[in-house]
Amino acid sequence: MKTLELPQTDLTASDIVLGLMRITDMSDEEIRTLVGTARDAGITMFDHAAVYGGAMHHCERRFGEALGLSSSERDEILIQTKVGIRDGYFDFSKEHILESVDGSLEALHTDHIDVLLLHRPDALVEPDEVAAAFDELHTAGKVKHFGVSNHTPGQVELLKRSVRQPLAFNQVQLSITHANLVAQGVAANMAGLEQSVDRDNGILDYSRLNDITLQAWSPFQKGFFDGVFLGDREQYGELNDVIDELADAYDCTPTGIAVAWITRHPAQMQVVLGTTNPQRVRDSAAGSDVRLSRPDWYRLFTAAGHLVP
């Protein structure tokens with residue numbers, strides 16, 4: 001398992017992150033097995049959100065109750081959570097940020113959050129309120145580091161006018177098939193080509209220029225929760241043929257190849273898993289150690305339907 005020294009922080013973390021969005025109905029033992037499998041594979045970072053699980057803080061609470069981490073066990077991992085999604089709207093008010101973080105701390109049975117992300121952009125954001133909340137949380141030791149999710153460069157810059165702490169992370173959707181983040185730049189300046197349309201204002205290059213770690217969520221999804229592309233030979237037959245061929249060549253699984261396609265990128269992104277299957281966790285972790293050749297990376301890219309002009 002590769003580890004990354006995360007820019008703008010004092011953190012070193014695995015380049016694979018285990019997301020806990022789907023543990024709602026798992027037993028304590030199943031949660032312990034899932035997390036234990038991740039830890040054995042070298043995963044050191046765990047991703048939550050206040051909204052995961054239906055009721056606020058539900059998945060965080062399941063995690064905290066099931067693991068019952070001792071102080072020493074807590075110090076061995078990094079816990080990340082997100083704030084701002086409410087029932088039908090977004091809320092980056094100071095009051096909600098502070099209230100939500102306190103709820104997360106209680107649910108997770110911990111006294112600090114290693115990384116707090118703003119969960120999707122709030123159209124009504126007032127950066128001074130975010131800054132005041134972050135200052136209070138940081139000064140109290142409740143949150144160590146901060147970031148955002150699904151934010152454009154302009155939205156990050158707006159926050160940075162007020163927020164004093166580094167915004168060191170941006171969690172974005174990325175997979176081989178949902179790769180506009182990468183594909184647009186490959187086909188830039190090509191009139192009439194759908195791939196050349198810039199939908200995110202250059203998040204990838206902006207993040208690299210500003211030492212922001214991108215975290216790729218839904219790394220196996222075809223689109224926005226449209227199902228996984230792995231094994232889908234009706235829609236992605238050619239891609240799966242190439243994935244299977246490379247899995248044999250690199251002595252790993254198709255899941256590992258899907259992960260390796262993301263971790264091969266020089267931006268040094270983290271891959272956020274959403275699986276509750278321990279074997280898929282192992283397979284994904286193994287992909288961290290696979291370094292695809294440049295031709296093989298582009299073979300996957302074009303097999304997924306992206307153009308190399």
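Helix H7 is the top contributor to the lining of the second largest pocket, with five residues. This is a predicted model, in which local features need pLDDT of at least 70 and side-chain atom pairs count only at pLDDT 80 or more, while totals for chains, interfaces and linings use all residues. Residues are numbered from 1 along each chain as its sequence is written, and side-chain values use heavy atoms, leaving out hydrogens and water.

Let's stay with that pocket. A pocket here is an open set of points on a 1 Å grid over the protein atoms alone where a 1.4 Å probe fits, with protein on both sides within 12 Å along at least five of seven lines, and lining residues have an atom within 4 Å of a point. The volume comes to about 380 Å³, counted as the space filled by probe spheres set on the points. By class, the lining splits into eight nonpolar, four polar and six charged residues (Asp, Glu, Lys and Arg are charged; Ala, Val, Leu, Ile, Met, Phe, Trp, Tyr, Cys and Pro nonpolar; the others, Gly among them, polar).

Now for the largest pocket, at about 470 Å³. Of its 27 lining residues, Met21, Arg22, Trp217, Ser218 and Phe225 are the closest to the centre. Its lining holds 13 nonpolar, nine polar and five charged residues.

H12 also turns up in a helix pair. Its axis and that of helix H9 (residues 233-249) come within 8 Å and cross at roughly 160 degrees (axes are lines fitted to C-alpha atoms over the stretch in contact, with angles from 0 to 180 degrees between N-to-C directions). H9 and H12 are therefore roughly antiparallel, the label for angles over 145 degrees, just as those under 35 count as roughly parallel. On the H9 side, Glu238, Leu239, Val242, Ile243, Glu245 and Leu246 meet Asp296, Arg299, Leu300 and Ala303 of H12, contact being heavy atoms within 4.5 Å. The H9-H12 contact has six nonpolar, no polar and four charged residues.

The other pair is helix H1 (residues 28-40) with helix H11 (residues 278-287), whose axes come within 9 Å and cross at roughly 15 degrees. H1 and H11 are therefore roughly parallel to each other. Here Thr33, Leu34, Thr37 and Ala38 in H1 meet Pro278, Val281 and Arg282 in H11. The tally for this contact is four nonpolar, two polar and one charged residues.

Finally, check the backbone at two asparagines. Most residues other than glycine have a negative phi. Asn189, though not a glycine, has a positive phi of about 70 degrees, and Asn189 is found in the loop between H7 and H8. Asn150 also has a positive phi, near 55 degrees; look for Asn150 in the loop between strand S7 (143-149) and helix H6 (153-160).

Key. Helix = DSSP H or I, 4+ residues; strand = E, 2+ residues; numbered from the N terminus. Parallel < 35°, antiparallel > 145°, perpendicular 65-115°, else oblique.
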